Amino acid sequence: MNKPILTKQPDDIAFLQQLELWQESGAIRALDLALARFIARQIPEAECTDAVLLAITLVSERTAHGNVCLDLAQARQDPSGLLSPIGDERLRDLVGQQLRSQLSACSVTQWQAELRQCSAVDDLSQQSAESHQLQDVESHQPQDIKSPQLHGIDSHQPQDIKSPQLHGIDSHQPQDIGRHQRPLVLTGSPEKPLLYLRRYWQYEQDVRRGIEQRLKPLPVSEKLRAILDIVFGPERDQIQPNWQKVACGLSARSGFSIITGGPGTGKTTTVVRLLALLQGLELAEGHSAKVIRLAAPTGKAAARLNESIAGSVHRLNITTDQLSQEQQALFPGKDALNQWQASIPTEVSTLHRLLGSQPNTRHFRHNQANPLPADIVVIDEASMVDIEMMAKLMSALRPDARLILLGDKDQLASVEAGSILGDLCDQAEDGHYSQKSCTYVRDTTGQLISHDYQASPSTLKLPRLARMISQTTTMLRHCYRSEGQNLLDFAAWVNQQGILNFGMQGLQRYFEPASKELSYLDLPIRSEGQREWSDFNQLIVAGYQPYLKKLSELEKLENSTTQVLEQQVFEIFRLHKQFQLLCAVRQGDFGVEGLNHRIRQLLASRRLIPGGEQQWYPGRPVLITQNDYSLKLMNGDIGICMQLPEEGQAQTDTRHFRVAFPDGQGGIRWVLPSRLQGVETVFAMTVHKSQGSEFDHTALILPDKVNAVLTKELLYTGITRSKTRFTLIVPEQKVLEAALQQKISRISGLLSE
Ligand SMILES: Nc1ncnc2c1ncn2[C@@H]1O[C@H](COP(=O)(O)OP(=O)(O)OP(=O)(O)O)[C@@H](O)[C@H]1O
């Protein structure tokens with residue numbers, strides 16, 4: 001049955017003209033409009049309703065803001081969060097009013113019905129759970145999603161949307177678009193209908209499948225308790241339950257597990273003990289050790305885990321005389337213990353490197369066809385992993401490989417779409433452990449999970465997958481850090497949105513009287529509307545002076561050996577890590593761009609760095625913004641420009657700039673500035689970019705206007721980048737108040753029934 005070939009021109013469609021205005025106002029991207037136009041060309045006129053085009057535009061626009069899909073009911077009920085903020089007030093009102101009138105023009109039921117009728121939409125919403133499952137399997141066939149044409153739409157490259165291949169679809173009959181090639185997927189329940197761009201739907205399916213196939217409880221050896229006792233040593237603290245032990249027990253019986261917790265709760269310590277437990281179980285049974293791979297989403301996070309995991313493995317040091325006779329029988333002799341300890345890896349790579357990223361493609365060397373040769377994979381800082389990367393990781397794992405995710409669920413979600421760790425840990429606070437899990441934990445770890453964390457009637461209301469994931473998730477609840485307690489208490493207050501109960505007085509409690517750990521700076525407006533920056537300047541100079549002073553000594557170094565030089569450079573990096581200014585936004589006087597400029601001028605005026613406008617100068621700290629495999633530099637790495645004597649010519653005056661980067665293996669990598677492509681000055685850094693890093697003292701400056709990116713998660717992430725001191729810089733108190741009340745809400749269907 002052939003439908004007529006289309007003759008309509010998108011320019012004839014009044015709603016598309018309205019969308020042009022939306023794009024000009026900044027409410028949607030050119031890409032969102034291009035997608036709506038493209039699909040309008042492909043589908044019969046009768047299907048091309050305003051409601052359909054609106055849904056396409058919104059789902060595309062929402063993914064740019066971190067959402068995996070569009071919840072139609074929620075969009076209709078609360079349109080305030082839809083579309084990007086519009087600067088021009090008149091346009092804001094006009095576009096807002098147009099959006100509201102479009103949304104109120106049809107009910108959610110009608111909206112779904114029109115989408116179902118549309119040949120660009122693959123309707124999975126009415127399928128039974130069983131056929132849904134079948135669909136998952138079917139849709140996994142490579143031709144569904146791997147065709148370059150569809151990657152064109154999905155990968156959001158406008159030029160691909162106009163690719164001849166896609167026009168090819170246009171010039172043929174639209175009904176020829178196979179169901180599995182339709183660019184949109186409608187799913188969810190009648191109460192929560194979800195519309196996806198197919199690529200994101202597929203990613204979510206891959207992640208779900210990867211988790212589900214690992215949730216079946218694994219057999220657990222009866223030696224578990226004995227080995228766990230060796231790994232943890234004699235119980236010193238009386239905190240009950242010891243959540244670290246609970247985490248090891250729950251993770252040991254599942255192919256998928258999550259260990260979450262705030263700063264200093266012992267995530268790294270616990271994962272080292274867990275890996276020791278898993279390897280110990282293998283070795284005690286006479287099997288060979290498992291292949292373990294450790295990874296983190298950025299170079300910086302990988303380097304930090306590298307450091308802390310090496311320390312934790314070292315502290316694990318188990319000796320024969322510590323063991324009882326029964327325990328010695330499991331690991332007879334020093335060699336067996338050495339072999340056990342050596343089986344725990346300390347090398348951490350980035351996730352991209354682990355999967356084998358290939359230049360200029362979204363594909364990785366390791367995938368379903370060429371799985372990663374690993375039995376156990378640990379991913380740290382998992383909150384930073386977006387849905388695409390998680391899906392690629394799941395596809396690259398062997399079906400029998402264990403996956404362990406570590407991270408702080410309360411931190412900012414990934415920059416790209418998805419908030420996987422947050423979604424998976426949504427219920428972690430309350431535990432929801434079943435009776436079976438509690439009995440298992442008691443029998444294998446000796447820990448008693450109190451009633452507060454056991455399953456309750458509310459557990460039954462959770463989706464099935466959420467209930468299952470709760471049984472393999474542990475939230476570490478005790479902080480073992482000896483310093484910065486006041487700072488962590490404040491972070492917890494921000495995270496729990498204390499402002500809703502205690503107002504701003506609740507916040508003052510932490511800052512008054514000013515403690516060494518927490519300080520508060522405002523930037524009052526003095527004369528002629530000018531702000532008073534003197535306290536800020538003092539803070540910045542005090543923060544950056546130590547490393548810059550040390551750097552100036554370096555320039556005077558002559559005849560030094562490489563070793564001495566490197567020691568000096570490490571000292572410069574140590575001093576540099578003492579302080580970091582963080583910003584919430586990029587643009588404006590209070591954003592990264594304005595503040596980098598201001599700080600450069602300030603430091604030059606104090607003769608701490610050279611004046612002038614040259615791009616490179618000694619003391620310039622830089623952040624790598626894109627992976628560069630040839631230089632072995634990863635997104636997030638920080639380097640410092642230095643002026644050094646040329647190697648072998650120390651006594652001459654020939655001096656050159658080099659950018660120094662710690663190589664993560666105890667050495668320094670020197671790079672010519674001209675070779676660095678994606679770098680930016682980092683006197684000021686966004687909170688997003690600071691994820692995975694830690695500094696002794698961080699100062700977080702807020703902008704002077706309320707902004708959608710200001711959320712409690714952003715504040716929490718900024719505060720927890722500090723080890724010992726935190727300074728909050730607030731030009732306008734109402735902006736802080738708004739940020740404390742705002743929560744990130746990202747739409748996904750990961751845990752939907
Ligand atoms: N059970 C414990 N008993 C005593 N000290 C502990 C315990 N667990 C962790 N620690 C100590 O607490 C500190 C923080 O531990 P760890 O680095 O494992 O935490 P983390 O959650 O990974 O921290 P971060 O948030 O900084 O990544 C370390 O000094 C560690 O030695």
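How many helices and strands does the protein chain have? The protein chain has 32 helices and 20 strands, where helices (H or I, at least four residues) and strands (E, at least two) are DSSP runs numbered from the N terminus. This is a predicted model, in which local features need pLDDT of at least 70 and side-chain atom pairs count only at pLDDT 80 or more, while totals for chains, interfaces and linings use all residues. Residues are numbered from 1 along each chain as its sequence is written.

**The chain as a whole**

- Of the 753 residues in the protein chain, 44% count as buried; a residue is buried if 20 or more other C-beta atoms lie within 10 Å of its own, exposed if 12 or fewer, and partly exposed in between, with C-beta atoms placed from the backbone.
- Among contacts in the protein chain with a separation of 6 or more, 77% come from residues 24 or more positions apart; two residues are in contact if their C-beta atoms, placed from the backbone, lie within 7 Å.

**Annotated regions**

- UniProt, in an unreviewed entry, lists Gly261, Gly262, Pro263, Gly264, Thr265, Gly266, Lys267 and Thr268 under "binding site"; UniProt positions follow the numbering used here, feature names are shortened, and annotations may be inferred rather than shown by experiment.
- Beyond its neighbours within four places in sequence, Thr265 is in contact with Leu476, Arg477, His478, Cys479 and Tyr480.
- Lys267 counts as buried because it has 24 C-beta neighbours inside 10 Å.
- Not counting residues up to four places away in sequence, Lys267 touches Ile259, Gly261, Leu406 and Leu476.
- The UniProt annotation "domain: UvrD-like helicase C-terminal", again from an unreviewed entry, covers residues 682-728.
- That span, residues 682-728, is 26% helix and 36% strand, and its end C-alpha atoms lie 18 Å apart.

- Helix α1 (residues 14-25) and α2 have axes that come within 9 Å and cross at roughly 170°; axes are lines fitted to C-alpha atoms, for helices over the stretch in contact, and angles run from 0 to 180 degrees between N-to-C directions.
- α1 and α2 are therefore roughly antiparallel to each other (angles under 35 degrees count as roughly parallel, over 145 as roughly antiparallel, 65 to 115 as roughly perpendicular and the rest as oblique).
- The crossing of α1 and α2 is left-handed; a crossing is left-handed if the near helix is turned anticlockwise from the far one by less than a right angle, and right-handed if clockwise.
- Leu16, Leu19, Glu20 and Gln23 of α1 make this contact with Ala30, Leu33, Ala36, Arg37 and Ala40 of α2.
- The contact of α1 with α2 has 6 nonpolar, 1 polar and 2 charged residues, where Ala, Val, Leu, Ile, Met, Phe, Trp, Tyr, Cys and Pro count as nonpolar, Asp, Glu, Lys and Arg as charged, and the others, Gly among them, as polar.
- Helix α2 (residues 30-42) also packs with helix α3 (residues 50-63), their axes coming within 9 Å and crossing at roughly 145°.
- Here the crossing is right-handed, with Leu31, Asp32, Leu35, Ala36, Ile39 and Ala40 in α2 meeting Leu53, Ile56, Thr57, Ser60 and Glu61 in α3.
- By class, 7 nonpolar, 2 polar and 2 charged residues form the contact of α2 with α3.

- Helix α27 (residues 534-556) packs against helix α28 (residues 562-576) at an angle of about 165°, with their axes 8 Å apart.
- This angle makes α27 roughly antiparallel to α28, and their crossing is left-handed.
- The contact joins Pro546, Tyr547, Lys550, Leu551 and Leu554 of α27 to Gln568, Glu571, Ile572, Leu575 and His576 of α28.
- Leu554 is partly exposed, with 19 C-beta neighbours inside 10 Å.
- Leaving aside neighbours within four places in sequence, Leu554 is in contact with Gln568, Ile572 and Met642.

- Glu381, in the loop between β8 (376-379) and α20 (387-396), has a positive phi near 50°.
- Glu381 counts as buried, with 25 C-beta neighbours inside 10 Å.
- Lys632, in the loop between β13 (621-624) and β14 (638-645), has a positive phi near 55°.
- Lys632 is partly exposed, with 15 other C-beta atoms within 10 Å.
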